[in-house]
Amino acid sequence: MAASLFTQEGDGMIVKAGWIFRQKAFFRKWKKSWIVICSGGPVRVFKNKQASRPQKSYNLKMDCIVIKTGRQCQYLLPPNGIDSSALIEIVLTGDRAIKLCANDPETARMWLNALMKAQSGKDLPTPRWERRNLNKEEVLNLEYQSCWYSCCRNNKVDDF
């Protein structure tokens, strides 16, 4: 199981985890990153799914000023071949920002919903389906599409 899917103490439940483009500050180059969003605000950016330590760590509940999407991200250009409606910019305190881009607008909406749930800190509704109810092929397909919500117990994702 991926090390990045183990939550740290006080993180709460994993709301969403998956691959998404993140714009690096240096040269403003887009690069795919594995991102884990937890209820209560923590957002962790990993180099890959197996990484045990995050490259970056943010707390939306404490640091988020606003989350912009699509055309609101006026100065962002998406990666080649991706529509600008898939852009997400999280403006943080201290003149910081997380610039993300999903593969398509529908996936961007799912990431936005997860970010808003993490920021609000409200109890999450029960997912439509739980990861353990899917067969291995279905889980891999959903992970590839970067659109699964996980079900956690005892601070770790259930293995299938």
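These are my notebook entries on a predicted model of a protein chain.

**Entry 1: secondary structure.** I began with the helices and strands, and I found 3 helices and 9 strands in the protein chain. I then read along the sequence to see their order, and the pattern came out as β-β-β-β-α-β-β-β-α-α-β-β.

**Entry 2: burial and surface.** Next I looked up how much of the protein chain is buried, and among its 160 residues the buried ones make up 45%.

**Entry 3: contacts along the chain.** I also looked at contacts between residues with a separation of 6 or more, and I wrote down that 50% of these contacts in the protein chain come from residues 24 or more positions apart.

**Entry 4: cysteines.** How many disulfides does a search of the whole structure find? I searched and the count was 0. A disulfide needs the two sulfur atoms to be within 2.5 Å. Starting from C101 instead, I found that the closest cysteine sulfur is in C73, again at 9.0 Å and too far for a bond.

**Entry 5: where these cysteines sit.** Are they buried or exposed? I noted that C73 is buried, with a relative accessible area of 3%, and that C101 is also buried, at 0% relative accessibility.

Definitions and conventions
Residues numbered from 1 in each chain as written. Predicted model: local features only at pLDDT ≥ 70, side-chain atom pairs only at ≥ 80, totals over all residues. Heavy atoms only, no water. Helix = DSSP H or I, 4+ residues; strand = E, 2+ residues; numbered from the N terminus. Buried < 20%, exposed > 50% of the residue type's maximum accessible area, 1.4 Å probe, protein only. Contact = heavy atoms within 4.5 Å.
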